[in-house]
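Dear colleague,

I am passing on the structure below, together with notes on what turned up when I went through it. Please read the notes with the model open beside you.

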Amino acid sequence: MRASRLLSLLLLLQTRGRMTAPELAEELEVSVRTVYRDVEALSAAGVPVYADRGPAGGYQLLDGYRTRLNGLTAEEASSLFLAALPGPAAELGMAELAANAELKVLAALPPEPRSHAAQMRERFLLDVPGWYRGADDVPHLSEVAEAVWDRRPLRMTYRRWGKQVVERLVHPYGLVLKGGSWYLVAAPPGENPRTYRVARILTLTTEPGHFDRPEGFELAAFWRAYAADFRERMYTATAEIRLAPGMAELLAYTMGQETVDSALAGAGEPDAEGWRTLTLPIESITHARWLLLRMGAGVEVLGPPELRALMVEAVAELRKMYE
């Protein structure tokens, strides 16, 4: 443990230059006193680290000194793709591995590329969850990830839509992070792969033995096909609407950009007042009413009659409430 910390301290000084004892303590998650002891240990081992006194002081390595102890372990190399995603890395139990891997890669770079890499980290950040929802609570994620990696079967109780609880024995093929939610791609033995939302796993047990992944299975290709099929299955009906001028952006925010772009492409020319008539795919009548009410007077529902009647009913209820 201490050897790993000493190496991390050395690599921090090599990649970032002068750092104060409090800065090092914060990075390494230890006390300042521990930093003092670690610096003394590095000096005793022959590492040319020295301290500058005063407000602008700190520890730094002798100019020109570079350690070659920056080889990645297998686990750190596997975590590299998560180095820019600290939240998901932590959820998978790989935060420390990802941080160490990033530090070693930076230490191996020459000064100019290293500077550019540091600037990228300071200027660009990927924040996965959407604005109006937080990330899922996924207490079983680390165990699921370990089973995916080791090709171990999983037995789980799972809460389906509609609150129904089922038990499943599955072979886990991969994990997908979509909009702040983790999905497990897995297959019951002898069946085709399915998707399971990890947050809906209630209990989980890793079974003995290993399974063989299907030959030719590609997680990215499966997910693309699944997402396309999901969109087709999701939209079971259509609604005809009139859209006011300047409201296309709000409609896209409400219904989805791809859906609205496709509807606008098939729409006719605007009328004399700038309104356009278009046909929108919808999940259901009741779901469409909820979404289109958000548009206020920017949308008029023309059909189907059931949806128009629901809109009239909702508007009447609102008028009665606010009168």
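I begin with strand β2 (residues 58–61), from which Gly58 and Gln60 point one way and Tyr59 and Leu61 the other, all of them buried; helices (H or I, at least four residues) and strands (E, at least two) are DSSP runs, numbered from the N terminus, and buried means under 20% relative accessible area, exposed over 50% and partly exposed in between, with a 1.4 Å probe and protein chains only. Strand β1 (residues 49–52) runs antiparallel to β2 and is joined to it by 4 bridges, where two strands pair if DSSP finds at least two bridges between them. The partner of valine 49 in β2 is leucine 61.

Some conventions before going further. This is a predicted model, in which local features need pLDDT of at least 70 and side-chain atom pairs count only at pLDDT 80 or more, whereas totals for chains, interfaces and linings use all residues. Residues are numbered from 1 along each chain as its sequence is written, and side-chain values use heavy atoms, with hydrogens and water left out.

As for confidence, pLDDT is the predictor's confidence in each residue, from 0 to 100; the chain has a mean of 80, and 76% of its residues reach 70 or more. Over residues 76–85 the pLDDT is below 50, although this stretch has 26 contacts in the model beyond near neighbours in sequence, a contact meaning heavy atoms within 4.5 Å. Where pLDDT is low, the predicted coordinates should not be read in detail.

Turning to the nonpolar cores, a core here is a set of buried Ala, Val, Leu, Ile, Met, Phe, Trp, Tyr and Cys residues joined through side-chain atoms within 4.5 Å. The largest has 24 residues, and those with the most contacts inside it are Ile241, Leu243, Leu251, Met255, Leu278, Leu280 and Leu292. The elements that give two or more residues to this core are β8 (237–243), α10 (248–255), α11 (257–265), β9 (276–282), α12 (285–293), β10 (299–303) and α13 (305–322). A second, separate core of 19 residues includes Val138, Val148, Ile201 and Leu204.

Methionine 255 touches Tyr235, Val260, Leu280, Pro281, Ile282, Leu291 and Leu292, not counting residues up to four places away in sequence. Threonine 259, found in helix α11, is buried at a relative accessible area of 10% and, leaving aside its neighbours within four places, is in contact with Tyr235, Leu280 and Pro281. Leucine 293 in helix α12 is partly exposed, at 33% relative accessibility; with neighbours within four places again left aside, leucine 293 contacts Met311 and Ala314, and its C-alpha atom is 8.3 Å from that of alanine 314, 21 residues apart along the chain. Histidine 140, in the loop between α7 (111–123) and α8 (141–150), is buried at 17% and touches Ile201, Leu202, Thr203 and Leu204, residues up to four places away not being counted.

Among the aromatic residues, rings of Phe, Tyr and Trp (its six-membered ring) pair if their centres lie within 6.5 Å, planes under 30 degrees apart counting as stacked, over 60 as edge-to-face and the rest as tilted. By this rule there are 8 aromatic pairs. In one of them, the rings of tyrosine 173 and phenylalanine 211 have centres 5.9 Å apart and planes at 50°, so the pair is tilted. Tyrosine 173 lies in strand β4 (residues 165–178) and phenylalanine 211 in the loop between β7 (201–206) and α9 (219–234), so the pair ties together parts that are 38 residues apart in sequence. Both are buried, tyrosine 173 at 8% and phenylalanine 211 at 3%. Tyr173, Tyr183, Phe211, Phe217, Phe222, Trp223, Tyr226 and Phe230 form one aromatic cluster.

Finally, the backbone. Most residues other than glycine have a negative phi, and most peptide bonds are trans. A cis peptide bond, with omega about 5°, joins glycine 303 and proline 304, the latter lying in the loop between β10 and α13. Glutamate 29 has a positive phi of about 60° although it is not a glycine; this glutamate is found in the loop between α2 (21–28) and α3 (32–44) and is exposed at 71%.

With best regards
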